[in-house]
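User: I am new to reading structures. Can you take me through the labels and what stands behind each one?

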Amino acid sequence: MSETNAYELVVENLSSKGIDVGWVKQELKDQRVETPSWGYGNSGTRFGVFRQPGVPRDVFEKFEDAAHVHRLMGICPSVAIHIPWDFLDDWMALKAFADEKGVLIGAVNPNVFEEQIYKLGSFGNEDPGIRKKALERHYECIQVMRDTGSKSLSCWYADGTNYPGQASFVARKRYFEECFAKVYSRLNEDERLFIEYKLFEPAFYHTDIADWGMATGFCQKLGDRAKVLVDLGHHAQGVNIEHLVAWMLDEGTLGGFHFNNRKYADDDLTVSSINPYEVFLIYNELVDGKIRLGDRFRVDYLIDQSHNLKPKIEAMIQTLWNLQSAFAKALCVDRNRLAQARFEQNIVDAERCLVEAYHIDVEPLLRQVRTEMGRPEDPLKAHRESGYLERAIATRS
Ligand code: RM4
Ligand code: MN
Ligand code: MN
């Protein structure tokens with residue numbers, strides 16, 4: 001089958017369901033996903049770090065790689081930073097460099113978990129001096145936001161305990177509330193605070209913000225600019241993530257995502273590599289929410305993955321590609337028929353609406369969209385043929 005025919009078949013299929021192909025393509029062109037600076041550098045597990053040739057040596061080179069990926073994909077113009085993993089005296093210099101490369105500084109992530117003082121926690125620490133230090137790190141990050149034009153402060157805490165009795169849950173909860181209130185009060189109208197939760201790890205008995213309910217509780221006490229961030233790897237096995245996404249969309253508390261995938265715990269594997277149907281179901285709720293909420297819909301999409309074995313740039317392209325397909329498939333759901341099936345309480349037909357969309361081959365559609373965006377049809381091939389990595393290996397010794 002020729003390329004044009006493959007695309008026309010998708011168009012025919014969608015049109016026959018009354019789905020506006022122009023809308024689907026526009027949504028795909030407007031899709032935005034932020035990549036993480038830490039996804040471009042060397043990383044590993046607690047058992048060791050495996051170095052790859054040509055990886056960035058500093059934050060500027062991470063931005064260079066991110067700009068290369070954006071040139072190929074056209075959907076990832078911003079890059080999240082992690083402080084002090086990314087450390088600079090002059091953040092405005094990074095902003096100027098990013099401008100020149102055609103990318104933006106995205107979410108700023110304060111790191112309050114690696115230094116020795118945070119052994120027993122940051123905002124949840126019993127020691128007021130350590131809570132103050134953690135607060136200062138957040139204030140420093142807010143200043144970085146102002147210097148770089150970033151609008152979001154994305155917070156995750158390693159806080160928790162390892163043994164029953166080690167600390168008072170309630171005291172720690174209150175310390176968090178106090179600290180969050182201080183951080184929140186420093187944010188401008190157009191700046192947002194994301195609160196990310198995680199069930200376990202590095203703490204093994206309890207985590208201070210263990211799930212989306214607790215994160216929601218903190219956000220609701222703070223106000224409208226505080227939102228929950230869902231990391232796909234941060235739940236107990238079997239948790240229905242698409243359900244909580246729909247729930248938070250309806251409550252207006254969903255702020256964004258850290259996309260990745262897992263088999264066992266917080267594995268940070270390539271999104272869709274283990275459970276692509278789940279990613280599709282999450283996007284299905286997002287599309288549903290977007291149609292329902294219109295202008296009030298605002299969700300930030302970020303990647304939180306570090307590839308220890310795959311080549312970094314290839315893995316990033318593959319991830320973005322997987323997110324494009326999950327979104328495309330979700331846009332192809334026949335929502336009229338789904339509504340009808342639900343109304344008739346026809347379970348089989350309702351489920352089939354989702355399964356059919358999931359099985360559509362959206363590749364011809366993605367190729368068409370990429371061509372219309374002036375991007376290569378096959379970004380992975382384009383990357384491999386670009387000589388970018390070879391040049392990086394030669395210059396970044
Ligand atoms: C956590 C969480 C955070 C990330 C850290 C490094 O598990 O996913 O988002 O910043 O890891
Ligand atoms: Mn995360
Ligand atoms: Mn994580």
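User: How many aromatic pairs does a search of the whole structure find?
Analyst: This is a predicted model. The search finds 24 aromatic pairs in the whole structure.

User: What makes the pair of F123 and F176 edge-to-face?
Analyst: Their planes stand at 70 degrees. The ring centres are 5.9 Å apart, and pairing needs centres within 6.5 Å. F123 sits in the loop between β5 and α5, while F176 is in helix α6, 53 residues apart. Both F123 and F176 are buried. They also belong to one aromatic cluster with Y157, F180 and F218.

User: Why is the pair of F200 and F204 called tilted?
Analyst: The angle between the planes is 40 degrees. Stacked needs under 30 and edge-to-face over 60, so this pair is tilted.

User: Why is F204 called exposed, and what is F200 called?
Analyst: F204 has 58% relative accessibility. Exposed means over 50%, so F204 qualifies. F200 has 29%. Buried means under 20%, so F200 falls in between and is partly exposed.

User: Which protein donors does the manganese ion (ligand 3) have?
Analyst: They are H234 (NE2) and D266 (OD), lying 2.2 Å from the ion. The cut-off for donors here is 2.8 Å, so both count. H234 and D266 are 32 residues apart in the chain.

User: Why are H234 and D266 called buried?
Analyst: H234 has a relative accessible area of 4%, and D266 has 16%. Buried means under 20%, so the label holds for each.

Key: Residues numbered from 1 in each chain as written. Chains lettered and ligands numbered in written order. Predicted model: local features only at pLDDT ≥ 70, side-chain atom pairs only at ≥ 80, totals over all residues. Heavy atoms only, no water. Donors = N, O, S within 2.8 Å, 3.2 Å for Na, K, Ca; no water. Helix = DSSP H or I, 4+ residues; strand = E, 2+ residues; numbered from the N terminus. Buried < 20%, exposed > 50% of the residue type's maximum accessible area, 1.4 Å probe, protein only. Phe/Tyr/Trp six-rings, centres within 6.5 Å; stacked < 30°, edge-to-face > 60°.
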